[in-house]
Amino acid sequence: MTAYMITKMFPKIIVGIKSAHYWGDFTQVDRAVEAGKLANVPVMVDFGEHQPTNSIKSLFLEHLRPGDIFTHTFAYGPKDLETVVDDNGIVKPFIFDAQKKGIIFDVGHGGGAFFWRQAVPAIKQGFKPNVISTDLHSDSMNGGMKDMANVMSKFLNIGLTLEEVIEKSTASPARVINRPELGNLSVGAEADVAVFSLKKGEFGFTDVRRNTLKGTQKLDAELTIRAGKIVWDLNGLSGPIWDSPQAISR
Amino acid sequence: MQNYFKTAKNRVLVLFFALLTLNVSAQEIDLLIKGGHVIDAKNKINTKMDVAVKDGKIFRVAADIPASSAKKTVNANGLYVTPGLIDIHGHVFHGTEPDNYLSNSQDALPPDGFTFRAGVTTVADAGGAGWKNIDLFRKNVVDKSKTRVLAFMNIVGGGMRGVDTYEQDKADMDPKLTAASAKKNKDFVIGIKIAHYIGHDWDPTDFAVAAGKIAGIPVMVDFGKALPPLPLEDLLLKHLRPGDILTHAYRYDQEFDKSGKMIEHKQAIVDVNTKKLKPYVWDARKRGIIFDVGHGGGSFSWGQAIPAMEQGFHPDVLSSDLHTGSMNAGFKDMANLASKFLVLGMPLADVIAASTWNPAKVIQRPELGHLSVGSEADIAVFRLREGDFGYIDASGMSIRGKQKLEAELTIRNGRVVWDLNALSSPSVK
């Protein structure tokens, strides 16, 4: 049924199947993967809480397919959910295997799923998320997440290069959701463009427990263009000065 | 055996609470904002002060409150500490009703996503709901938001659900029912709104004022759609009462008669030919009419605001007219709007007053908009950035400016609800 909804009814807007918040075994994930196979789309897993925890090694290596997405990668709630980084701050070796196998690690920051104690050691040991994303909702927008530019800035400050941060927020997600026409500036592509200024200074970034990491760089969205139209202009980069000849002639 | 453990546990608990009590008496302040420059218009404070919060209320405002008396201290050196901003013209009756404009529909926005990040702690919806759906507004918006949500009720019973049809229906403008509903909901209804009327008559305005009189609350007018135009002078000097509000004060619409011919501008406060403020506007201010910004997506023009400001006509109240058409355009948020007036030469203390204590008085909520001891702890902390910034009006024209206000920290009812740079959080390294 879920697969038919995608292939027959909404192939243009539905890009994947989500499995989330299930407190049992692997049943829900397996059904999502079944639907994903039928519709030929990826599955995104917000792995349900369970005591004792369900094995994420088994999730990655036995249940998910290459191209399926593990979201909330840097969550921490070790009693209910197995973590990517162990108690000694070491990335579990099978995580690298899973990423090599093609499992997509997505940030999904949200109001409760991003911890410095997971993200900082992971990046240091060379485990980088494939995709940066928000988990935007009423609890995250005013908390540590704030907005996409803020989440991107966090990764910039813990060791990803600007190029990596942008790639993980544009081309990489486009590939993951099988939308190769998006996330690039190829000639002929729809003109969705962002212009950022990279502010230098003293900034602070909180995780979902309000623990702080101090940083020196922050991305600010100056200009956003959607399908060729300016939809955001922070500092009037695109507007003529009000009493200039250009303004009067308009 | 079990009993033994219970008793032992109780003893530990007693000891624990004893220690806790000691701790509280040593650190009686929950949150201390230290070293900031406080601007509180009501209490005439415009200097460096510390602000202490306890149990959700303002506990003390004084120089040098020791950090040792607080459980948590925020270093506000170099920052401005103000009462949480009050925005009296938002559109926050968000919902999923199709084709219903700003009344339980998709052009309106959920408040919490657009208030706290700009230092706003109180927002008034400006006429989204009328007496027929004000109960739904309470249930879905007032009760569900962390922002304090108030409302101007529309004189149109069905609210702001469509300019071309529903909002023109004089049969749906009932002063008695509107006033009765306003009184019943007086915990959050603070005024009456009349907007978008395109008829060449004063009936809807007079209905709104009649409702305002019965309920004892001000009327806010969004004026200027009448065809052919009605004189603004008559609105301000004959129809409104002192204390009533003209919103979109710096709007400039080109005006046309019924045959489509452009005509003299009857509805703007600045004469577009002489660039002079029309004399009756000064008279109206003397009379007690409130001039509110209501920036919005189409209601703020540099061509009006700049000459008016140069001639000393500052707004009484800054407000947003927040909706999907303004949040991404020239308006953006209340901090951006406040920055515009700073750049136009309004002193910072006046900008803050026009966003805190002035609106509180206008909506007859004297308990809001200040940092008096005992009042609910709604606080904003701003950084005044220096640099090269640009600001856009509703027609896409820009000015450059050297200053910009940024909301660093917002506190609502004693709780941190926005913290841009983690000022209030412990550090991991």
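This note goes through the strand pairing in chain B of a predicted model.

1. The parallel sheet. Seven strands of chain B make up an open sheet with parallel pairing, and their order across it is β6-β7-β8-β9-β10-β11-β12. Its edges are β6 (85-90) and β12 (290-291) of chain B, each of which pairs on one side only.

2. The pairing of β13 and β14. Strand β13 (residues 379-392) of chain B runs antiparallel to strand β14 (residues 398-412) of chain B, and 12 bridges join the two. They form a hairpin with 5 residues between them, and in the turn G396(B) has a positive phi of about 90 degrees. I392(B) is found opposite S398(B) of β14(B).

3. The pairing of β14 and β15. β14(B) is also joined by 4 bridges to strand β15 (residues 415-419) of chain B, again with the strands running antiparallel. T410(B) has W418(B) in β15(B) as its bridge partner. This hairpin of β14(B) and β15(B) has 2 residues between the strands, and N413(B) adopts a positive phi near 55 degrees.

4. A point for reading both regions. Strands of a sheet pair through backbone hydrogen bonds, in either a parallel or an antiparallel arrangement. In chain B, the parallel arrangement is seen in the open sheet that runs from β6 to β12, whereas the antiparallel one joins β13(B) to β14(B) and β14(B) to β15(B).

Technical notes
Residues numbered from 1 in each chain as written. Chains lettered and ligands numbered in written order. Predicted model: local features only at pLDDT ≥ 70, side-chain atom pairs only at ≥ 80, totals over all residues. Pairing = 2+ DSSP bridges.
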